[in-house]
Amino acid sequence: MAAPIALHLEFGGGAELLFGGVKDHQVTLPSQSQPWDMKRLLVWIRANMLKERPELFVQGHTVRPGILVLINDADWELMGELTYELQDQDNVVFISTLHGG
Amino acid sequence: MPIICSSCEQKRAMLKRPKTGHSLCKECFFSAFEEEVHQTIVSARLFNSGETVGIGASGGKDSTVLAHVMKVLNQRYDYGLNLLLLSVDEGITGYRDDSLETVKRNQQQYDLPLKIVSYEELYGWTMDAIVKQVGLKNNCTFCGVFRRQALDRGALMLKVDKICTGHNADDIAETVLMNVLRGDIARLRRCTAISTASEGEGVVPRCKPLKYAYEKEIVLYAYFKKLDYFSTECIYSPNAYRGYARAFLKDLEAVRPSAIIDVIHSGENLSVREGVRMPVQGNCTRCGYISSQALCKSCVLLEGLNRGLPRLGIGKHNRLRGKILAQEPLTQEEERKLKAVDF
């Protein structure tokens, strides 16, 4: 059993609009048999946090193209993307690039 | 195991560049990004020493990054430019008023003069008032046409030599696709140009220093530098057509990151067969602005608004347009057509 983990999630660049306009969220992921990775985090966000239009945030198993993801301030493309195994106190940022410039 | 920066080979890499695939640390990314914009500016000879350059500033990510980078490069490479911020207030409550607050903070942060020109002072109509009359279907036509002129008029008031805008590589690739999809050969031919020469009286030359900068890098640059920008969709803009082009490009980029630059290159290398008829550029007989018709689009739209016939400038009403501009009376049927508001 993986112990529950606490995360800081941040939504920006317009992505916060899908989460009731709130940018910063402290969340605790419950204990489960498999370790928490990004793929499972996205499923959890979709089920527990998304307030509206989920298709604007997740597409298939991943984030919608055009949403940037940073894990502890680093591009998730350097961290294994969906396979990254989350650690307690990790900081995950989602920034939409799809809004006007 | 953290990935090490491929440039300095010392610090931890923080992002993967879509254009090159390189993994860089923050510092190496900042310098690579700024150097590329500098190279774009130098190789296309966008500016000359002593010029006054207006930076089109909306408060959004692109123009905020543009203002920051222009300020940095002007100092670092001694361009000798006199920079200022130029903003347009379309009169959209809850959208532009908020984003203009960001521009006002940028003015302080970057210590640059700021000029705001409003639709209300230029045309006598805010977008809020226009939407009340025309509805939510064609309002973006009014806004787009008016904005282009508003930037020029503001630039003339400030005696600006050139305007630069924050259009990035993704924007230009989208525009190429949209022009292909619409079969707009005249726009397709000029939409990839990095700068426009002065097209005549009242038109200030424009350029796009971020033309080759990916949106991902612009957003990460703003994020890592903690730049202050505003990001909310315009409350009136569904802008569906561009939205589809944008989503399509993002899907392509996810599969092959070079797709964006590839589309731009396709646009740049396209040549139009001789003998294809192009609209001839002249000047508006009423306001003198550049136009391929006797009256520019902006004057036709304004005439329609002021007469309570908002559809005058929308779609193909050329015959009616001639009639109305010659002050000839319209039949009831014709008036009905131009008044119709479809929600």
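Student: Along strand S2 (residues 24–29) of chain A, which side chains point to one face and which to the other?

Tutor: One caution precedes the reading: this is a predicted model. As a general idea, side chains in a regular strand alternate between the two faces of the sheet. In S2 of chain A, His25(A), Val27(A) and Leu29(A) point to one face and are buried.

Student: In what sense do strand S1 (residues 5–12) of chain A and S2(A) pair, and over how many bridges?

Tutor: The two strands pair in the antiparallel sense, over 6 bridges. One of the residue pairs to inspect is Leu9(A) with His25(A), its bridge partner in S2(A).

Student: What is the strand order of the open sheet in chain A, and which are its edge strands?

Tutor: The sheet has 5 strands in the order S2-S1-S7-S5-S6, with mixed pairing. Its edge strands are S2 and strand S6 (74–75) of chain A, each of which pairs on one side only. Within this sheet, S5(A) and strand S7 (residues 91–96) of chain A are joined by 5 bridges in the antiparallel sense. There, Leu70(A) stands opposite Val93(A) of S7(A).

Student: How many strands form the open sheet of chain B, and in what order?

Tutor: That sheet comprises 6 strands in the order S5-S4-S3-S6-S8-S7, and its pairing is mixed. Strand S5 (114–118) and strand S7 (195–196) of chain B each have a single partner strand, so one side of each lacks a neighbour in the sheet. A parallel pair is found where strand S3 (residues 52–56) of chain B meets strand S6 (residues 162–164) of chain B, with 3 bridges. In this pair, Ile55(B) stands opposite Cys164(B).

Student: Is Arg206(B) buried or exposed?

Tutor: The cut-off for buried is under 20% relative accessible area. Arg206(B), at 13% relative accessibility, therefore counts as buried. It is found in strand S8 (residues 206–207) of chain B, and its side chain reaches the backbone oxygen of Arg148(B) at 2.9 Å. Beyond its neighbours within four places in sequence, the residues in contact with Arg206(B) include Leu151(B), Asp152(B), Ile163(B) and Ile194(B).

Student: Where is Asp37(A) found, and what does its side chain reach?

Tutor: Asp37(A) is found in the loop between S2 and helix H1 (38–48) of chain A. Its side chain reaches the backbone nitrogen of Arg40(A) at 2.9 Å. Asp37(A) counts as buried because its relative accessibility is 14%. Not counting residues up to four places away in sequence, Asp37(A) touches Leu82(A), Thr83(A), Tyr84(A), Glu85(A) and Leu86(A).

Student: Which residues lie nearest the centre of the second largest pocket?

Tutor: They are Trp76(A), Glu77(A), Glu81(A), Glu253(B) and Ala254(B), out of 23 lining residues. The volume of this pocket is about 560 Å³. By class, its lining has 10 nonpolar, 4 polar and 9 charged residues. Strands S4 (62–63) and S5 (67–71) of chain A and helix H10 (240–255) of chain B each supply at least two residues of that lining.

Terms used: Residues are numbered from 1 along each chain as its sequence is written. Chains are lettered from A and ligands numbered from 1 in the order in which they are written. This is a predicted model: local features need pLDDT of at least 70, side-chain atom pairs count only at pLDDT 80 or more; totals for chains, interfaces and linings use all residues. Side-chain values use heavy atoms; hydrogens and water are left out. Helices (H or I, at least four residues) and strands (E, at least two) are DSSP runs, numbered from the N terminus. Buried means under 20% relative accessible area, exposed over 50%, partly exposed in between (1.4 Å probe, protein chains only). A polar contact is a pair of N or O atoms within 3.5 Å; within protein, one must be able to donate a hydrogen and the other to accept it, and residues adjacent in sequence count only if both atoms are side-chain atoms. Contact means heavy atoms within 4.5 Å. On a 1 Å grid over the protein atoms alone, a cavity is a set of points where a 1.4 Å probe fits but cannot get out, and a pocket is an open set with protein on both sides within 12 Å along at least five of seven lines; lining residues have an atom within 4 Å of a point. Grid points are joined across faces, edges and corners, and a volume is the space filled by probe spheres set on the points. Ala, Val, Leu, Ile, Met, Phe, Trp, Tyr, Cys and Pro count as nonpolar, Asp, Glu, Lys and Arg as charged, and the others, Gly among them, as polar. Two strands pair if DSSP finds at least two bridges between them.
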